[in-house]
Amino acid sequence: MIRFRRDPAAAILAVVVAAGIAFALLYPLSMVSREAILDEQGSFDITPILRIFRFPVPRQVVANTIVMGITSGVLATLLGFAFALATTRAVRGPIRTVLHYVALLPLIAPPFALALSTIFLFGRQGLLTRGLFGWETDPYGFSGLIFVQTITFFPVAYLIFDSLVRQLDPALEEAALNLGASRARILRTVVIPLLRPGFAAGFLIIFVESLADLANPLLIGGDFNVLASSAYLSIIGEFDTRKAVGYSVVLMIPSLIAFFAQRLWVGESSVVTVTGKPSTGRAQALGTVFRAGLLAVIGVTASLVVLL
């Protein structure tokens, strides 16, 4: 109320923007939900939802979607964490800048670009697999889809971890090292627990985005059908709007479960380190073997991003 009196124009603008966002979100959801539970005569009918769980093929589509979302979320989150750890602890100078911008390239790529590039480079007639090495490869299906989804979405996790790792208090790591902890143990017992909100937020965002992604499953999914592509094909190929609506409603269920699971795991708390004075410690360097393995993973990933 005090803020409204001090700056009524800003308050009114905030209310208008909030109302617009709420309308843009709630109106489509309400129309989809209405189509899913009401038939053409307006009678209560949830057949489009029930038949997804009643028959084996739609149930397999639901299972495929959940497996794809979890696998993509885990791999992309870990890859984003590895990239952030490398750019903040393993490399410095111009190399760090180059890796940072390379990691952001998938964010600005068009939705179909990475899947098409994967097909052109690593497909059955790929420039690298068939043209250069003479290999017989088939990128279509679960493995190819997970590969493209991981490369597409890991920058989301990278941006989250990049900020969190830079904000860690080096004094904690220095104190653990002085107490005799190895660098591997410091990473496992100090750094990673402090980054728990980043792991939860990164996985949740990537999980939801991978479930909602349509371009990659259509292009490279092959016979690995997921809910998003099945809903699209139900409209385009079968002209069955209610079936597509049923898929869309079911698609929201894993996203909501992931959201509430993330809230339960992390909660409302945030990780804050309080020292009482500015920290003068330095972030501990990574172990030689771990650093070499990390740089190898980052180098391969950066090369793939540039190629694609």
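Modeller: The side chains of Arg-166 and Asp-162 meet in a salt bridge, 3.2 Å from N to O, where a salt bridge is a side-chain nitrogen of Lys or Arg within 4 Å of a carboxyl oxygen of Asp or Glu. This is a predicted model, in which local features need pLDDT of at least 70 and side-chain atom pairs count only at pLDDT 80 or more, while totals for chains, interfaces and linings use all residues. Residues are numbered from 1 along each chain as its sequence is written, and side-chain values use heavy atoms, leaving out hydrogens and water.

Biologist: How far apart in helix 8 are Arg-166 and Asp-162?
Modeller: They are four residues apart in helix 8, and therefore separated by about one helical turn; helices are DSSP runs of H or I with at least four residues, numbered from the N terminus.

Biologist: Is Asp-162 buried or exposed?
Modeller: Asp-162 is buried, with a relative accessible area of 11%, whereas Arg-166 is partly exposed at 47%. Buried means under 20% relative accessible area, exposed over 50% and partly exposed in between, with a 1.4 Å probe and protein chains only.

Biologist: And how many salt bridges does a search of the whole structure find?
Modeller: That search finds one.

Biologist: Switching to packing, at what angle do helix 4 and helix 8 cross?
Modeller: The axes of helix 4 (residues 56-90) and helix 8 (residues 142-167) cross at roughly 45° and come within 5 Å. Axes here are lines fitted to C-alpha atoms, for helices over the stretch in contact, with angles running from 0 to 180 degrees between N-to-C directions. Helix 4 and helix 8 are therefore oblique to each other, given that angles under 35 degrees count as roughly parallel, over 145 as roughly antiparallel, 65 to 115 as roughly perpendicular and the rest as oblique.

Biologist: What about helix 4 and helix 5?
Modeller: Their axes come within 9 Å and cross at roughly 160°, which means that helix 4 is roughly antiparallel to helix 5.

Biologist: Last topic: where is Leu-25 found?
Modeller: Leu-25 is in helix 2 (residues 8-37), and this leucine is exposed, with a relative accessible area of 53%.

Biologist: And where does Leu-256 sit?
Modeller: Leu-256 lies in helix 14 (residues 241-266) and is partly exposed, with a relative accessible area of 49%. Leu-256 and Leu-204 are 52 residues apart in sequence, yet 9.9 Å apart in space, C-alpha to C-alpha.

Note on methods: Helix = DSSP H or I, 4+ residues; strand = E, 2+ residues; numbered from the N terminus.
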